[in-house]
Amino acid sequence: MSTQAKHRRKVRRGRPHDQFTIAIAILSLVMAGGMVAGLVTSAMGPDGGQSAAGSELPPGDPSNTTRLTHLDRITGDITPKSVVASPAGTVIANNMMYSHSSTLYDAESLELTSTVADTVDLAEFGFPERAGATEGAPVEAVFSPDGKYAYVSQYRLRGPGEGATATDDCANGEEIGRSAVFRLDLAAGEWDQVIEVGRVPKFISLSADGSTALVSNWCDETVSVLDLEAGEEVREIPVDAAPRGSVILPDNRTAYVTAMYADEMYKIDLETGQSELVLETGRKPRHLVLSPDATRMYLTVSGSDELLELDATTGEVLRTAETGREPRTMAISPDGLALYVVNYYANTVSKFDTETMEEIQTVEVGKNPIGITYEPTQRRVWVANYAGSIDVFDDTTASDGRMEP
């Protein structure tokens, strides 16, 4: 077994939030004040296409007794890197950074409701020194608990005042420009806030009450702690190489984050900025999800084809399971009884029963599945395939008890 709890403790303290650079300060002030119009190329309805936030989950069988049934494959001008469902009937897919867009869908009809460009012109807001197009590059998203906003991490900002080119190998180091998280107002169909974060931000997680976000800064080996009411970064906390997946516990203070290229997982204190190495893993720990009761976490170890169940209090490994080749993103059902794991190189999704940690179904999807989400209003699972499609599955069909291919 390649995973072990650490007896030694590697403790690192965060540094206070540094002053924004002038360029990014301008960006933050401008965008926070009322954002760029005309970003949406196909308009949303007046209510953002959503049903009422906080609606009850449709009645149905426990999720570990149902099986996935393919409904549709969505294509078009998309290269989805991630897909995330709101609690209120909207699904967002962030397209590969060179596509410069996020697409939004109605969860019931599966119809495209809007395409939101990541390009803004800051000169339109009284800053002529930044005249011209500033492009983002959407990576991951998370919705506010009421479903009114989507926070989207931007791999980099490109335009007037930009730094050196951002790449996954971080070759340009500190010359890479700091980037940002954009907030999308779904009703207006516009970005209405920008919060500066570190270099090459990737995953973003949200506290249960929606007050705090945690953003993984890939090239800084840090995570940014965001105060969402204030709309600002309040702290950067050091971890290790290539931070990615994260979860925030219900106390709004404790979080976990993976350091993907260091093969480590850290426990961090969002208030003090202290980070503590609690687990060494197999190769490339990537994604974390928290169980609905917050007692368990689940971790994909991409390079080792493993799924781990962890104690959310201690980070201790409780159980393990084998996955398909290169598991990446996961989703968990609202009742906590099923996990859905994309297997990037196998072009499949595995469904696991969390009571037994056994794989109960494997389904084929498009090429290179990389993102997955559980859409609660329809009991459906959406899968983002990097090669240019989204598969949608119904998960209400009763099982006959057999493992299904």
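Strands here are DSSP runs marked E of at least two residues, numbered from the N terminus, and two of them pair if DSSP finds at least two bridges between them. With that settled, here's a quick tour of what is a predicted model. We'll look at a four-strand sheet, a disulfide between Cys170 and Cys219, and the hairpin of S25 and S26, with a stop at the buried Ser302.

**The open sheet**

- Four strands make up an open sheet in the order S5-S6-S7-S8, and the pairing is antiparallel.
- S5 (80-85) and S8 (112-117) sit at the edges with a single partner strand each, so each has one side left without a neighbour in the sheet.
- On average, neighbouring strands of this sheet are turned by 20° against each other, direction ignored.
- Zooming in on one pairing, S5 and S6 (residues 90-95) run antiparallel over five bridges.
- In that pairing, Val84 stands opposite Ile92 in S6.

**The disulfide**

- As a reminder, a disulfide is a covalent bond between the sulfur atoms of two cysteines.
- The count for this model is one disulfide.
- Its partners are Cys170 and Cys219, with sulfur atoms 2.0 Å apart.
- Cys170 is in the loop between S12 (149-154) and S13 (180-185), while Cys219 is in the loop between S16 (212-217) and S17 (222-227), so the bond ties together parts that are 49 residues apart in sequence.
- The torsion about the S-S bond of Cys170 and Cys219 is about -85°, which means that the disulfide is left-handed.
- Cys219 has 16% relative accessibility and so counts as buried, because the cut-off for that label is under 20%.

**Ser302, on the way into S25**

- You'll find Ser302 in the loop between S24 (296-301) and S25.
- At 1% relative accessibility, Ser302 counts as buried.
- Neighbours within four places in sequence aside, Ser302 is in contact with Arg283, Lys284 and Arg286, and also with Glu326, Pro327 and Arg328.

- S25 (residues 306-311) and S26 (residues 317-322) pair in the antiparallel sense, with five bridges between them.
- Across this pairing, Glu309 stands opposite Arg319 in S26.
- Five residues lie between the two strands of the hairpin, and Gly315 takes a positive phi near 80°.

Key. Residues numbered from 1 in each chain as written. Predicted model: local features only at pLDDT ≥ 70, side-chain atom pairs only at ≥ 80, totals over all residues. Heavy atoms only, no water. Disulfide = S-S within 2.5 Å. Buried < 20%, exposed > 50% of the residue type's maximum accessible area, 1.4 Å probe, protein only. Contact = heavy atoms within 4.5 Å. Axes fitted to C-alpha atoms, helices over the stretch in contact; angles between N-to-C directions.
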